[in-house]
Amino acid sequence: MTDGITGWHAHVYYDPDQTRAVAARLREAIGERFPGAVLGRWHDRPVGPHPTSMYQVAFGVDLFPALAPFIALNREGLTVLLHPETGRQRADHTAHALWMGAVLPLDVSVLPE
């Protein structure tokens, strides 16, 4: 059991050679429209449990009702993992995960229970 959601992460996946410009457009639009969102670093190679290039967008519970639909409508075919922050990293990236686009195989062995 969890006590609740303290925030959200969106992991926006892209191909550095083919879809980075698409990912950049989405990132810029999020930054302009949602000043409370924190845009993470670009990772042009797999990092942590993520199987391909990505950047993270961290945001509060209050932004979810507007930001999640914005990402869904403006992702231009990119795959996005949206997950809550509950303090249970493995469960947040798997059992609690919301996927937009393809479901990618995560290496959850690197995440604590």
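Two strands pair if DSSP finds at least two bridges between them, and strands (E, at least two residues) and helices (H or I, at least four) are DSSP runs numbered from the N terminus. The model is predicted: local features need pLDDT of at least 70, side-chain atom pairs count only at pLDDT 80 or more, and totals for chains, interfaces and linings use all residues. Residues count from 1 along each chain as its sequence is written, and side-chain values use heavy atoms, with hydrogens and water left out.

**View 1. Strands 1 and 4 side by side.** Here Gly 7 sits opposite Glu 85 of strand 4. Strand 1 (residues 7-13) and strand 4 (residues 80-85) pair antiparallel over six bridges.

View 2. Five strands line up as 2-3-1-4-5, with antiparallel pairing. Strand 2 (38-39) and strand 5 (98-100) are the edges, each pairing on one side only.

**View 3. Helix 1 on the sheet.** Helix 1 (residues 20-33) touches strand 1, strand 2 and strand 3 (54-59), and its direction makes about 15° with that of strand 3. Contact means heavy atoms within 4.5 Å; axes are lines fitted to C-alpha atoms, for helices over the stretch in contact, with angles from 0 to 180 degrees between N-to-C directions.

**View 4. Asp 44 meets Arg 20.** These two form a salt bridge, closest N and O atoms 3.2 Å apart (a Lys or Arg side-chain nitrogen within 4 Å of an Asp or Glu carboxyl oxygen). Asp 44 is in the loop between strand 2 and strand 3 and Arg 20 is in helix 1, so the pair ties together parts 24 residues apart in sequence.
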